[in-house]
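This briefing covers the ligand surroundings and the domain arrangement of one protein. The sequence and structure come before the notes.

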Amino acid sequence: MSASADRFDLVVVSNRLPVDRTVGPDGTSGWRRSPGGLVTALEPVMELSHGAWVGWPGVPDQEFEPFVAQGGSRGGSFHVFPVSLSEQELERYYEGFSNATLWPLYHDVIAQPLYHRVWWESYRSVNGRFAERVAEIAAPGATVWVQDYQLQLVPRILRRLRPDLAIGFFDHIPFPPYGLFAQLPWRRQILEGLLGADLIGFQRAEDARNFSRAVRSLLGLSSRRGTIEVPADPESGMGAHLAVFDDYPISIDAHEFEQLGRDPEIRERARRIRHDLGDPHRVLLGIDRLDYTKGIRHRLKAYGELLDEGRVHVEDTTLIQIAVPSRERVETYRRLRDDIELTVARINGDHSVIGRPAIQYLHRSFPRREMAAFYLAADILLVTALRDGMNLVAKEFVATHVDNDGVLVLSEFAGASDELKTALLINPHDIDGLKDTIVQAMEMSPAEVSRRMRAMRRRVSEDDVERWSDAFLARLRAVSDDNRQGLAA
Ligand code: GDG
């Protein structure tokens, strides 16, 4: 059944749809739901409020009809409205402006951001297309939730097209300090784009502060208790409204990961992984998208030095590093992969013995159950991000360790460090400090491991992703009601 005649009360918009195109051996094609915290959290409310998801289906240069995505982890279904992107838009809007301009700029300029006017033009026009699609399918007074940095112009375009909507925006990545954000040639347009929303959510209080400072410095608008009076724009016909911003740290489906951690099959698989590694006394783990923000090189440097200095021995310790392929057509990412693989090969060449690799390196993605088995197989998770909006891997590791028997080494530059305070917090730039902390994690008494993990598990299980989305949507509706009652008039 085509869904195109319908109008929807809740519309979620993200660059990438939570579905993947599948083509079978006989050439028949279909869609497979891709797992993810966001879609799991939103599934029940999508079902209840007649929801739709707007986004790109992952295949360029093809138009797809709307369809219904069935059979998620909670059995719910929702309507899907694919937005098409050309190969050129993929290069300019997505790989270019989103991933080679905004991503490095918003992550502390760890890599040099590139500013190209044709990329910006493409970003603008693609954002316009997403907004128009939403405007066509949203019911009168519907709630629209725009996700992430690829779509920062959507709130304003949408407010112009459909002033009746409640518009929320959530930024999954950091919002940079003013001194960095100010580099962006289109900095005012981005802020104005975001301010089209009724509610703008960030991962950390620090991100919200950075946003407020940028708005004040660049637009001359000051905020009072997290509220900004956005003036009318007579040129576009957009009326005045209040835009509220706040931090809403995202989380995971904690219950799902706890269940995985208790699943006998996964527990057996975890034992098997350790066995296949030669039953080392200690297993350390890193799981990251292969991205320069994740600090994989810093982690490898620290680990390599610990081996060189004889503070760690391959006879009783193994590091598993899973690097999930990511953005492989972007040049910086290709170079990073070469760098990491050279370093791994050097460390292994220097230290491995037959049957006992210093580092077990895996460059691929895994099914969710296998991820859980890796979490469970590890004694210590190393999260050494140089900058990270939140880092869900840290929370998933915590939720899976139902026996309270894992140690989390966590970068203070990851949003998760605001909540997981009994992790061993590190500055990944301080290699000596990182090395000492890894040794501390390896030597920690079981009682202390358990005490620290218990506190983190409580936090993750209380503040799960459902609470996050409920809190965001409730506040969004409240702010939008105030705006509709003309409080900003
Ligand atoms: C961005 C922000 C923020 C990874 N590999 C596999 C796999 N994953 C899943 C993990 C986890 C997710 O992907 C990764 O989330 P992270 O938060 O760790 O990192 P980013 O991808 O950079 O996400 C980040 C997040 O958005 C949410 O707001 O926390 O700061 O950068 O859920 O489990 N899942 C499966 N196989 C894999 O190989 N099944």
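Domain bounds here come from an automatic or database domain assignment. On that basis, domain 1 (8-247) and domain 2 (254-462) both give residues to the shell around the ligand, so the ligand lies between them. The model is a predicted one.

**Ligand shell**

- There are 19 residues around the ligand, and those that come nearest are His 172, Ser 365, Gly 389, Met 390 and Leu 392.
- Two elements give two or more residues to this shell: helix 12 (368-377) and helix 13 (392-400).
- Helix 13 gives the most to the shell, with three residues.
- Sorted by class, the shell around the ligand holds ten nonpolar, five polar and four charged residues.

**Domain arrangement**

- The protein divides into domain 1, residues 8-247, and domain 2, residues 254-462.
- A distance of 31 Å separates the C-alpha centres of domain 1 and domain 2.

**Contact between the domains**

- Domain 1 puts 15 residues into the contact, and domain 2 puts in 15 residues.
- On the side of domain 1 that touches domain 2, helix 2 (residues 87-106) gives the most, with three residues.
- The residues on that side of domain 1 comprise six nonpolar, six polar and three charged.

Methods:
Residues are numbered from 1 along each chain as its sequence is written. This is a predicted model: local features need pLDDT of at least 70, side-chain atom pairs count only at pLDDT 80 or more; totals for chains, interfaces and linings use all residues. A residue is near a molecule or strand if its C-beta atom, placed from the backbone, lies within 6 Å of it. Helices (H or I, at least four residues) and strands (E, at least two) are DSSP runs, numbered from the N terminus. Ala, Val, Leu, Ile, Met, Phe, Trp, Tyr, Cys and Pro count as nonpolar, Asp, Glu, Lys and Arg as charged, and the others, Gly among them, as polar. Two residues are in contact if their C-beta atoms, placed from the backbone, lie within 7 Å.
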